[in-house]
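These are my notebook entries on one protein chain. I put down what I looked up, entry by entry.

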Amino acid sequence: MRILLFTGKGGVGKSTVASGTAALAAADGLRTLVLSTDAAHSLADAFGAPVGPEPTEVAPRLFVQQVDAQLRFQQSWADIQRYLLSVLDVAGVDPVAAEELTVIPGAEEVLALLELRLQAMSGRWDVVVVDCAPTAETLRLLALPEALGWYMHRVLPAERRIVKALKPVLTRAAGVPMPGDDVFDAIERLHAELDQVRALLSGPEASVRLVLTPETVVLAEARRSYTNLSLFGYRVDGVVANRVFPAGGDAWRAGWVAAQDAVLAQVSQSFAGLPVWRSEYRPVEPVGVEALHTLATEVYAGSDPLVPPRGEGPFQVTRTERGAVLRLALPFVTRAEVDLARNGDELVVTVGSYRRLLTLPSGLARLRVAGARVEDGQLRVRFAEPEATGADVRRPQEARR
């Protein structure tokens with residue numbers, strides 16, 4: 001099964017491009033589902049058809065779904081919410097306000113990912129196309145499974161043991177109920193489901209496609225997205241430049257064409273090695289299956305939009321005679337922008353405001369970090385056998401070759 005995620009800065013037309021790609025796949029005979037993780041659903045508008053919380057067929061083999069976040073929230077968060085409500089009730093918080101306070105920020109996007117997991121595991125589909133939220137929300141969302149995993153393995157077991165041992169004392173002293181096994185079980189279940197989502201989306205049959213418009217600000221965000229998606233291990237397989245002005249026309253349009261051509265040249269340089277497809281600005285908005293199919297046919301121009309990504313992905317480990325080398329793709333990043341630290345069996349990589357905790361496999365965890373550097377769009381970390389005196393971990397810009 002092929003999983004294809006579309007993301008980009010808000011307003012660049014990612015929903016339209018995602019919908020067109022799905023329409024093209026269905027027309028080629030593939031059972032296709034397109035769903036949205038964006039709280040501001042727009043798939044129904046793109047297809048010009050009513051869409052429900054369950055997959056709705058809008059054309060032969062083409063199904064569209066806008067996730068019922070409330071239903072999925074009740075299924076995945078109910079036990080945790082009941083406990084939080086009991087605490088707020090003791091604190092005297094108004095029940096209506098308490099209900100709002102126990103809804104986690106970004107819950108709709110998280111639960112849409114859980115729906116993606118259910119649909120991917122159902123065996124019903126050959127292709128699942130995901131219309132993601134704008135890039136910043138998408139990046140936070142895709143980093144969540146790994147961040148929650150750290151909490152689950154490092155913090156939750158200790159908390160569970162402490163609460164179980166001291167629950168009667170804590171309840172009397174604090175005056176509020178302590179969480180029971182059902183709450184911890186619900187958190188563990190949520191983590192396991194999100195872990196499966198991460199495995200699906202970082203697997204060899206899944207990739208992210210960036211949608212942009214030929215504008216300097218939009219290109220800058222797309223470049224950052226490419227870096228951060230790679231940081232978290234997600235493959236970017238191509239770029240769609242949308243709303244490109246066709247050549248010709250009056251002086252006003254010629255000015256726009258020239259400005260866009262300059263940005264498009266930068267796009268080609270920025271994403272060298274990736275296909276860059278173009279979609280011309282259309283006189284009318286493409287709405288409906290037929291219009292979306294026509295748009296996608298012109299965009300991909302005979303190429304297969306569903307070819308799985310090539311290569312081993314952003315994260316690779318190579319054994320050497322003296323140890324190993326870990327490679328992590330970080331396009332557009334300089335040495336000064338990367339911070340590296342070792343914490344037990346974890347490698348902490350920070351790029352700008354994003355941080356990833358890489359849990360090292362046992363073969364690397366026993367080795368020391370011998371050096372690191374950023375070169376040709378990659379962070380390369382060398383591991384060697386431990387020394388008797390130990391070794392300090394240094395930042396890539398300080399590490400020797």
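**Entry 1: strand E2.** I began with strand E2, residues 32-36, and found it mostly covered, with 5 of its 5 residues buried. Buried here means under 20% relative accessible area, exposed means over 50%, and partly exposed lies in between (1.4 Å probe, protein chains only). Helices (H or I, at least four residues) and strands (E, at least two) are DSSP runs, numbered from the N terminus. The model is a predicted one, in which local features need pLDDT of at least 70 and side-chain atom pairs count only at pLDDT 80 or more, while totals for chains, interfaces and linings use all residues. Residues are numbered from 1 along each chain as its sequence is written, and side-chain values use heavy atoms, with hydrogens and water left out.

I then looked at the two faces of E2. In a regular strand the side chains alternate between the two faces of the sheet. Thr-32, Val-34 and Ser-36 are buried on one side of E2, and Leu-33 and Leu-35 are buried on the other.

Which strands pair with E2? E2 runs parallel to strand E4 (residues 62-66), with 5 bridges, and parallel to strand E5 (residues 127-131), also with 5 bridges. Two strands pair if DSSP finds at least two bridges between them.

**Entry 2: Ser-15.** I looked up Ser-15 next and found it in helix H1, residues 14-27. Is Ser-15 buried or exposed? Ser-15 counts as buried because its relative accessibility is 11%. Leaving out residues up to four places away in sequence, Ser-15 touches Ser-42 and Asp-131; contact means heavy atoms within 4.5 Å. The side chains of Ser-15 and Ser-42 also make a polar contact of 3.0 Å. A polar contact is a pair of N or O atoms within 3.5 Å; within protein, one must be able to donate a hydrogen and the other to accept it, and residues adjacent in sequence count only if both atoms are side-chain atoms.

Entry 3: I compared the span of helix H10 (residues 251-270) with the expected one. Its 20 residues reach 29 Å from the first C-alpha to the last, close to the 28 Å expected at 1.5 Å a residue. The expected span is 1.5 Å times one less than the number of residues.

Which residues of H10 are buried? I listed Val-257, Gln-260, Val-263, Leu-264, Val-267 and Ser-270. They lie on the same side of H10, because they cover an arc of only 140° around the axis. The arc is that of the directions from the helix axis to the C-beta atoms. On the face turned away from this buried side I found the exposed residues Ala-251 and Gln-269. The cover over the buried residues of H10 includes strand E6 (206-212), helix H9 (216-231), strand E7 (236-244) and strand E8 (276-280).

I followed that cover to H9. Its 16 residues reach 23 Å from first C-alpha to last, close to the 22 Å expected at 1.5 Å a residue. The buried residues of H9 include Val-218, Leu-219, Glu-221 and Tyr-226. Just after H9, Gly-233 takes a positive phi of about 90°.

Entry 4: I found E9 and E10 forming a hairpin with 3 residues between them. The two strands run antiparallel and are joined by 5 bridges; Gln-316 stands opposite Arg-327 in E10. E10 is also joined by 7 bridges to strand E15 (residues 378-384), again antiparallel, where Leu-379 is the bridge partner of Leu-328. E10 is largely enclosed by the rest of the structure, because 6 of its 7 residues are buried.

Thr-320 sits in the loop between E9 (315-319) and E10 (323-329). I put Thr-320 down as partly exposed because its relative accessibility is 37%. Its side chain reaches the backbone nitrogen of Ala-324 at 3.4 Å. The C-alpha atoms of Thr-320 and Ala-384 are 9.1 Å apart, although 64 residues separate the two along the chain.

**Entry 5: the whole chain.** I closed with the totals. The chain has 12 helices and 15 strands, and 49% of its 401 residues are buried. Of the contacts between residues at least 6 apart in sequence, 71% join residues at least 24 apart.
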